[in-house]
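Please look through the sequence and the structure shown below before reading on. The notes that follow are grouped by topic, so that each point can be checked by eye.

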Amino acid sequence: MSLILKNVSVTTEKDGVILDDISFEFKPGRIYILIGRTTSGKTSLMRAIAGLLPIDSGQITMNGEDFEDKPIWERDVAVVYQQFINYPNKSVLQNVEFPLLRKGLKKSEAREVALASINKVGLGDYLDRKPAQLSGGQQQRVALARSLSRQSHIMLLDEPLMNLDYKLREQLRVEFKELFNSQKDAVTIYATTEPPEALILGAEILVMHEGRIIQYGSPTEVYEQPQSTTVARVISDPPMSILPVSLSAGEIRFGDGYSQPIPAKMKNFKEGHYQVGIRANDIVSAKSGGEKGTISLVEVSGSETLVYVDTPAGEVVLQMEGIHDVKVGESISIELPGNRLFLFETNGALCVSPDSAGE
Amino acid sequence: MKKGYPRFFLLPGLLLLIAIIIFPLLFTIRVTFSSWNVSQSGLNFIGGENWGEMVRDTRYWSSLLRLFYLSFLTVAIQYVLGFAIALFAWKGIAARRFYRVLWLIPMMTTPSLMAIIWRSIFTEDIGALNGLLTRVGLDPVNWLTESGPANVAITIAEVWQWTPFMFLILLAGLLSLPKEPFMAAAIDGASAWKTFARVTFPMMAPISIGAIMIRLIDASKIFDSVFTLTRGGPGNATETPAAYIFQRSLQDFQIAYGSTLALMYLILAILTLTIIGKVFARLSKPRGI
Amino acid sequence: MYKVLKATFITIWSLFVLFPIMWAITTSFKPESAVVNGATFIPFLEYQPSLIGWKAILPGPDSLTNLLTPTLNSFIVTAGATAVSLIFGSLAAYGLSRFTYGWKNYSNADIIFFFVSQRIMPPVVLAIPFFLLLKELKLLDTHLGLILVLTSGLMPIVVWLMVDFFNALPREIDEMAMLEGCNPIQAFFRTILPLSKPGLTVAGMFCVIFGWNDIFFALTLTATKVLTLPVAVIALNGTVTPYWILAASTVFSIIPLVGLAFVIERFLSRGNLGGAVR
């Protein structure tokens, strides 16, 4: 009883390969997070499941039933788009009732379910408003209420918080978790580009890249054991700094000759060229020694300062707690703690990850 | 998606149109190879005689040339005036709702009947215009029997009738423009003229092209004003192909020859308008708005 | 300076727009003598107003013609052709906006051009074959015959306007409707059509204007039973042009459509036309 994709591929003339041999089993009652860059194929995968994007080869089945011959309107898939899509000429209540009536519910039943669902998203006072008379966040709640009330077996959310402001996002993220928990029989798939969103919703994570699923696992697994530099970049926010290095004579040697002792976990690897990765919050600015670089960009956000540093070894991003008065063009020394380093092959595959975060 | 649904939408309209148009079109093509006229009706076959005669028919070709400049001239005037009054009715004048209604009215009137009114205005002995001219001490003009003034008379009637069409399309376009570019221009301190040249006009390009194309299509059929005002005269000085074909087919009843002229006219009209459409499409692209 | 120029331009243009209409109205109240002996302008001073023109076209003892039946005919034919064109034209436009049709090398753009190109056909080209066709179908001098013929000229306008209109409506709305259990036909009728009122209104108004004002087909394809208003007016023309009667009937026949100018203006002011021409 689940949604199964077998070798699903889609190629278009305009964009080339957009889904590349995807096989996966989505089980009911769970939330799956699709995370990846903007063109990684998240939306295409959802559109293929919904039937909006015809697949070239492969098979999609739901509860053993082949989707191939099922047109969109018989698949019973609920979708929440990144843009707030509602029927502009219908009121909030009519919007939510519409799919229920299409499903064959009686007028009175439909109203009851719709009202319950609208109350759940906190729009009980706006029943007769038209979508255009609501704020963006409220419009997205209407869209959400419409999709939730249907009790579909498949629920797809395509970056639903993308176009909302920061505060609203935080708030809805928390609400989502509760709302989805009520959908016990449904496969819920949630696409996002934002690692925090993926981690907060605490679901199974599928990392997508260039039309493929490149890693699948729990949030901690994916976060702590990214199987490649690509996954590491996608799942880290701010992105992980990745630098070319070589291992020799018990030292990690960076591009410009700066070196530090090899950490214990990497001792067994034979000498040669590798890449190391390090998260921004693990980099420390050093009083003296360490690697020297020039600050190329400073971003202050809330309670943190992000500093982009050009070093001879490559660009490095470090995150400092609090607001710091650092200026572009200044030179800075940084330290890359050996016990926080990920080691990757030159082709990007993970060799070894540091011990779990915080130790 | 199954093919049935897309077909459901397109086919009824397409087939209805084809059903209405296919017979007249095929008939017109076939009849050009016959000698159907007032004394010989029916579809015999005489080969390309009509086509040969058409090539030598200088009256036909000069009517086409006349149509060419008449339609471009009238549409150009309509566009410039229509844009001007659309700008005025857009914002910045008092009682603009009143002017909008007033300036739309000519489009609502029946061209063939207004042509009669225009005739009563331009007619030389008892017309309004010569009446006014003599009253202010000027010489009357031979509006309908002298080649120059006759063309002016037709142009005036066409501009009066169809400028409101341009006005309507362009005003609706202006009203739908986003406000942000104008605010940006105002913040930059751009003059009214600069705002028009850099913001308004480029943003109106797609709508302008659509309106001009549809007007050119309709202007290529100029008939009512010519026929009622001058019957193509004096001589053939104002004759358009539509008027000439009307005379040959429906008055002289030379159906085969008239159809030959008509078919050639159709081919040329489609060719010309396609080329113009392509040129416009290329012109409007690099601006990117 | 600019203000003076603007005011002058607006005044001149308004006078130009009004002049033929005022002339038609005044002429319709002139006696024959005030027309045939030279132009007259000022009532009571230059001529005594008379109802002779209007009496000729309205029912009564002096009536020369009956314009009521032709008016009714014009209504039926215009409404019929507008309805047929709107229904078939907007369905086709929706299809062309949402689906990709392919037949050999022809694409959607070519199909749209085919529709629009029907408007290039000059009526003179079509008059004779249409006459023969309708005669064969026993549709000569019938409402249906004229409606079908007019449709060939009006549907292109509907397709031209509505393809753009539908293109401006977000596709996600139809997709949403399909995801929520509507097949494309239900999606169109339940969600898109209710959103299309502004577009349909504009397209419908163009159809009414062009349909009501057609003379060529009405002249060649109808005789007595389906005489339309413009044809009936033209038929009043005699050896001496009775401008006073023609002016009265012209004024009479344009009144119904002048009302449309007010409708269009209201739509413009509410901002409903904007999306229809984009």
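**Briefing on the predicted model**

In chain C, the residues C:Ile112, C:Phe115 and C:Val116 of helix α5(C) meet C:Met155, C:Pro156, C:Val159, C:Trp160 and C:Val163 of helix α7(C). Sorted by class, this contact of α5(C) with α7(C) has 8 nonpolar residues, with no polar and no charged residues.

**Helices and domains of chain C**

- Helix α5, which covers residues 108–117 of chain C, packs against helix α7, residues 143–168 of chain C, at an angle of about 140 degrees, and their axes are 7 Å apart.
- Angles over 145 degrees would count as roughly antiparallel and 65 to 115 as roughly perpendicular, and α5(C) and α7(C) are therefore oblique to each other.
- Chain C is divided into domain 1, residues 2–50, and domain 2, which is made of residues 73–228 + 270–277.
- Between the C-alpha centres of domain 1 of chain C and domain 2 of chain C there is a distance of 38 Å.

**Contacts of chain C with the other chains**

- On the side towards chain B, 77 residues of chain C are in contact with 71 residues of chain B.
- Helix α13 of chain C, residues 243–269, supplies the largest share of the side of chain C that touches chain B, namely 15 residues.
- By class, that side of chain C, the one touching chain B, has 56 nonpolar, 17 polar and 4 charged residues.
- Towards chain A, 14 residues of chain C are in contact with 18 residues of chain A.
- Helix α8 of chain C, residues 171–179, gives the most to the side of chain C that touches chain A, with 6 residues.
- The side of chain C that touches chain A has 8 nonpolar, 3 polar and 3 charged residues.

**Strands of chain A**

- Strand β1 of chain A, residues 3–12, pairs in the antiparallel sense with strand β4 of chain A, residues 57–62, over 5 bridges, and A:Ser9 has A:Ser57 in β4(A) as its bridge partner.
- Strand β1(A) is also joined by 7 bridges to strand β2 of chain A, residues 16–26, and these two run antiparallel.
- A hairpin of 3 residues links β1(A) to β2(A), and A:Thr11 stands opposite A:Val17 in β2(A).
- An open sheet of 6 strands in chain A has the order β6-β7-β8-β3-β9-β10, and its pairing is mixed.
- At the edges of this sheet stand β6 (77–80) and β10 (212–217) of chain A, each with a single partner strand, so one side of each is left without a neighbour in the sheet.
- Neighbouring strands of this sheet are turned against each other by 20 degrees on average, with direction ignored.
- Strand β3 (residues 31–35) and strand β8 (residues 187–192) of chain A pair in the parallel sense over 5 bridges, with A:Ile35 standing opposite A:Thr192 in β8(A).
- Helix α1 of chain A, residues 42–50, lies across β3, β6, β7, β8 and β9 of chain A, and runs at about 150 degrees to β7(A).

**Confidence in chain B**

- The mean pLDDT of chain B is 86, and 97% of the residues in chain B reach 70 or more.
- Within chain B, confidence is lowest in helix α11 (residues 224–229), at a mean of 82, and highest in helix α3 (residues 58–90), at 92.

Note on methods. Residues numbered from 1 in each chain as written. Chains lettered and ligands numbered in written order. Predicted model: local features only at pLDDT ≥ 70, side-chain atom pairs only at ≥ 80, totals over all residues. Contact = placed C-beta atoms within 7 Å. Helix = DSSP H or I, 4+ residues; strand = E, 2+ residues; numbered from the N terminus. Nonpolar A, V, L, I, M, F, W, Y, C, P; charged D, E, K, R; others polar. Axes fitted to C-alpha atoms, helices over the stretch in contact; angles between N-to-C directions. Parallel < 35°, antiparallel > 145°, perpendicular 65-115°, else oblique. Pairing = 2+ DSSP bridges. Domains from an automatic or database assignment. pLDDT = per-residue confidence, 0-100.
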